[in-house]
Amino acid sequence: MNPPIFGDIAGGSAHRYWRLYFITGGYGGITVINECQMHTSIGGSNVCGSGTAASSSVNSTYVASYAFDGNTGTPWESNGANPQWLSYDFGTGNAYSVKELALYNYSNAGYNATSWIVQWSDDNFNWNYAWEVTTAQTTGWTGSSWLTVSNPGTTINRPVNYDGSHWRY
């Protein structure tokens, strides 16, 4: 597995591609995200809508686009152990500087992602570090609820070694 590339820590520029690279969480190897919104400002409105979603895996018919369809009743489900990823392509000529995420989870909080790296790309191949969501931020995220996390704009520990299944700090 190729390591993610770490660049502009704040992800301050606008980029076409954004993804959530899930490190921990999920139950039985399945991570579930019912809805993912991306905001360009804290408390802003969702800028996802007409782009294209993708993921590292899909469990049955729970496809990546469900995480961005505006319906909290249609989840994306991964199929396999972490790390897994969920990405969004804003499309040709569209780029955003994502400052905040709002995620709605499955009714069973055991399927929640508990930590992930937010990444951006301009080519959908080379991924750069924007910020990290830690277990301290997701503690208390219960079933059928929203979690809002924002880019702290500060340097956070970056993974230095991949052991075949996880990034190590």
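## Strand 8, its partners and selected residues

In the hairpin formed by strand 8 and strand 9, six residues lie between the strands, and Asn 124 takes a positive phi near 65 degrees. The model discussed here is predicted.

Strand 8 pairs with strand 9 in the antiparallel sense, over five bridges. Within this pairing, Trp 120 has Asn 128 of strand 9 as its bridge partner. Strand 8 also pairs with strand 1, again in the antiparallel sense, and here over eight bridges. Ser 115 in strand 8 stands opposite Thr 24. Eight of the nine residues of strand 8 are buried, so the strand is largely enclosed by the rest of the structure.

The largest nonpolar core has 29 residues, and those with the most contacts inside it are Ile 33, Met 38, Phe 68, Leu 101 and Trp 116. Two or more residues each are given to this core by strand 1 (17-25), strand 3, strand 6 (84-89), strand 7 (100-104), strand 8 (113-121), strand 9 and strand 10 (146-150). Strand 8 supplies the largest share, four residues. In soluble globular proteins, nonpolar side chains tend to be buried together.

Leu 101 shows what surrounds one of these core residues. Beyond four places in sequence, Leu 101 touches Leu 20, Cys 36, Gln 37, Met 38, Trp 116, Val 118, Trp 131, Leu 147, Thr 148 and Val 149. Two of these, Met 38 and Trp 116, are also listed among the residues with the most contacts inside the core.

Glu 35 belongs to strand 3 (residues 35-39). Glu 35 is buried yet has no salt bridge; Arg 19, the nearest side chain of opposite charge, is 19 Å away. The side chain of Glu 35 does reach the backbone nitrogen of Asn 71, at 3.2 Å. Leaving out residues up to four places away in sequence, Glu 35 touches a run of residues that includes Tyr 66, Ala 67, Phe 68, Asp 69, Gly 70, Asn 71 and Thr 72. Ala 102, Leu 103, Tyr 104 and Trp 146 are also touched by Glu 35.

Thr 138 lies in helix 1 (residues 135-138). Because its relative accessible area is 6%, Thr 138 counts as buried. A polar atom of the Thr 138 side chain lies 2.8 Å from the backbone oxygen of Thr 114. Apart from neighbours within four places in sequence, Thr 138 is in contact with Ala 113, Thr 114, Trp 116, Val 133 and Leu 147.

Glu 132 lies in strand 9 (residues 128-133) and is buried, with a relative accessible area of 9%. Gly 49, in the loop between strand 3 and strand 4 (52-55), has a relative accessibility of 58% and therefore counts as exposed. Each of these residues has a C-alpha separation to a residue elsewhere along the chain, as tabulated below.

| Residue pair | Separation in sequence | C-alpha to C-alpha distance |
|---|---|---|
| Glu 132 and Val 118 | 14 residues | 5.8 Å |
| Gly 49 and Gln 37 | 12 residues | 9.2 Å |

Definitions and conventions: Residues are numbered from 1 along each chain as its sequence is written. This is a predicted model: local features need pLDDT of at least 70, side-chain atom pairs count only at pLDDT 80 or more; totals for chains, interfaces and linings use all residues. Side-chain values use heavy atoms; hydrogens and water are left out. Buried means under 20% relative accessible area, exposed over 50%, partly exposed in between (1.4 Å probe, protein chains only). Lys and Arg count as positive and Asp and Glu as negative; His and the chain ends are not counted. A salt bridge is a side-chain nitrogen of Lys or Arg within 4 Å of a carboxyl oxygen of Asp or Glu. A polar contact is a pair of N or O atoms within 3.5 Å; within protein, one must be able to donate a hydrogen and the other to accept it, and residues adjacent in sequence count only if both atoms are side-chain atoms. Contact means heavy atoms within 4.5 Å. A nonpolar core is a set of buried Ala, Val, Leu, Ile, Met, Phe, Trp, Tyr and Cys residues joined through side-chain atoms within 4.5 Å. Two strands pair if DSSP finds at least two bridges between them.
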